[in-house]
Amino acid sequence: MIRSFLWLTVLSLSLIWLPATVKAQITEPEIITQFTSQIEIKQDASLAITETIHYTTTQQHHGIFRYLPVKKETDNGTQRYRISIQKIVDEKGQSYPYESSTEDDNLTLKIGDAETTFTGNKTYILHYTIDNALDHYEDYDELYWDITGEGWNFPIQKAEVTVISPQASIVETRCFTGYYGSSAQDCETRSQETSQTTITTTQQQRSQENFTVAVKLAQPNSLVFPDKWEKLGVDWYLWPLFFMLPMPALIMLWIWWSRGRDFVSLSPHVLIESKEAGKKLRGVFQFFQAPFVYEPFTELSPAQIEAISQEKITPQALVAEIIDLARQKFLKIIPQEKKQLLWKSTEYRFAKLKASKGLSEHQTYLLDSLFGTKEEVTLKDLKGSFYKHLPTWQNKVWESVTKEGYFVTSPTATKQKYFLVAALLVGLGWADVVLLESRLLTAVPWTVLAMIPITTLAFLVPPFLPQKTVEGWRVQQKARGLKNTIQRGKWREEIKEKNLFIEEVFPFAVAFGVVNKLAQDLDDIGQKPPEYVGNQAFAAGQLSSFTNSLVQSTSSSLTYNPSSGSGSGSSGFSGGGGFSGGGGGGGGGGSW
């Protein structure tokens, strides 16, 4: 009687509990009722994986996401995987449409049709392979793998994995469940043979929980692990791409070597023009002793000298050109001191003395641009308007030094041309980097790091590509010599016509930036500054401050443009025994 009562009680409780359980399962909006994985360990230590996901939903969805990690952190650093998707089908073998992308260190598979939705049951069967998946230790090899992954947004009722290892005997298995870091083992090994084992969960996995297995493989075995290059994903067809990486810099350096080095004379005397002496390309480490030059340039203006010797035209050269026009009595520089509340300021006016007849083309353009139809202008008049004439004036200077045979080709055109060439080569180089990085399994993007100095070097070359002729090289050496002479004060003892020398060399001293030294030497010998630098007499010691003020005021005013301001782990069998989420693989998924 008592036994019958007990059975009746159990039956009643079962009838009460069962509908509640069924109801909970039915009302779950999304669930994976069964997640089955078959992992076959290949001889090359890769994995061939087949995942069968039975998915149920009471809501309208297009399909599911599946996230597959492409890396794992180990004691030896980051281990990256190459994942190849073979196919994704249903239980009848019909293919599902899917899209794949890599983001946040996951291969993301978006499975389903964007044009249709469904409710109810779907079965997704994924076939894919993973290279470089096993861990190799001194005494054993191991598959330490997250089966489901902790990235699912809904529960998994049951998960099971079968590991097939024909090349290495299975000697031990472990499994872990729960949230990341958990050491819970709500799972069991259902069967184990030397070449195959099946492990199943015993509790439903909640959202964000994982199922991890560790399978120890005996040594010795027939597994052939990839070498270090194969582990990095370096296949034979990638080697040409590696050799192509430095090409942008190497090609630009070759262009400089063949077309950028200046021609120099074979004559031992820099100042002596001798066409019979022949010429050659300047050596990479060939340097020349700057000669002392005691005569100013008569055929070239300060801006031309700077363009030839420095391959640039600065605002300081522009001021030196204006001072040279004053020396030739085409204009007059008139400083005017104005008293402010606590200090004095100097304003400058330019007075036109005569027309530009006899001047070179670039100096004619400069004079006409300064005055226009006026006979007198101030720097305030020119500020904010003269800058429009600067590019044309600079181009005329470059054209003059090219036309007169100091450069093989136009320096500006040469730089523009080879900046475009460098940009094209660098673009191809970065395309090469993208191809390599898409295949390599390195944790650090070494090709990206290598491409940064290569890019920098490629773009550093074009400014050095304008090639001087022998005449241009000779002018460059003379300019160095004249600057050296002024800096050392050699003219004081060795130049008899000091005043004439000073008047003619002063604009070049401004361009060279050595006015301070010239002013000091003038003061030492009691020589007056050139008359054309101002309308008032002052001591030679004041020449430096006057010139610096003139250069600063003039260059800032004439160049002013008003529009321009504005998961980790090592082994599942070491260090405490592993945990859920500690292996490779895994990932997770969701619906869409």
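Mentor: Let us begin with a salt bridge, which is a side-chain nitrogen of Lys or Arg within 4 Å of a carboxyl oxygen of Asp or Glu; here the side chains of Lys-396 and Glu-361 meet in one, at 3.0 Å from N to O. This pair links distant parts of the chain, with Lys-396 in helix α9 and Glu-361 in helix α7, 35 residues apart. Helices (H or I, at least four residues) and strands (E, at least two) are DSSP runs, numbered from the N terminus. Please keep in mind that this is a predicted model, in which local features need pLDDT of at least 70 and side-chain atom pairs count only at pLDDT 80 or more, while totals for chains, interfaces and linings use all residues. Residues are numbered from 1 along each chain as its sequence is written, and side-chain values use heavy atoms, with hydrogens and water left out.

Trainee: How many salt bridges does the rule give, and which residues are linked in a network?

Mentor: The count comes to 12 salt bridges, and Glu-172, Arg-174 and Lys-216 are linked in a network of them. Within it, the side chains of Lys-216 and Glu-172 meet at 3.6 Å, N to O. Because Lys-216 lies in strand β17 (residues 210-217) and Glu-172 in strand β14 (residues 170-178), the pair ties together parts that are 44 residues apart in sequence.

Trainee: Is Glu-172 buried, exposed or partly exposed?

Mentor: Buried means under 20% relative accessible area, exposed means over 50%, and partly exposed is in between, with a 1.4 Å probe and protein chains only. Glu-172 counts as partly exposed, because its relative accessibility is 27%. Over the protein chain of 592 residues, 46% count as buried.

Trainee: Which residues have the most contacts inside the largest nonpolar core?

Mentor: In soluble globular proteins, nonpolar side chains tend to be buried together. A nonpolar core is a set of buried Ala, Val, Leu, Ile, Met, Phe, Trp, Tyr and Cys residues joined through side-chain atoms within 4.5 Å. The largest one here has 56 residues, and Leu-331 and Leu-370 have the most contacts inside it. Helix α6 (residues 315-327) gives the most to this core, with 8 residues. A second, separate core of 45 residues includes Ala-45, Phe-118, Leu-126 and Leu-217.

Trainee: What is Leu-370 in contact with, leaving aside its neighbours within four places in sequence?

Mentor: Contact means heavy atoms within 4.5 Å, and on that basis Leu-370 is in contact with Ile-322, Leu-331, Val-377, Leu-382, Phe-386 and Leu-558. Thr-554, found in helix α16 (residues 543-558), is buried at 1% relative accessibility; with the neighbours within four places again left aside, Thr-554 is in contact with Val-319, Ile-322, Phe-350 and Leu-379.

Trainee: Where on α4 do the buried residues Pro-248, Ala-249, Met-252, Ile-255 and Gly-260 lie?

Mentor: In α4, Pro-248, Ala-249, Met-252, Ile-255 and Gly-260 are buried. They lie on the same side of α4, because they cover an arc of only 125 degrees around the axis, the arc being that of the directions from the helix axis to the C-beta atoms. Met-247 also lies in helix α4, but Met-247 is partly exposed, with a relative accessible area of 33%.
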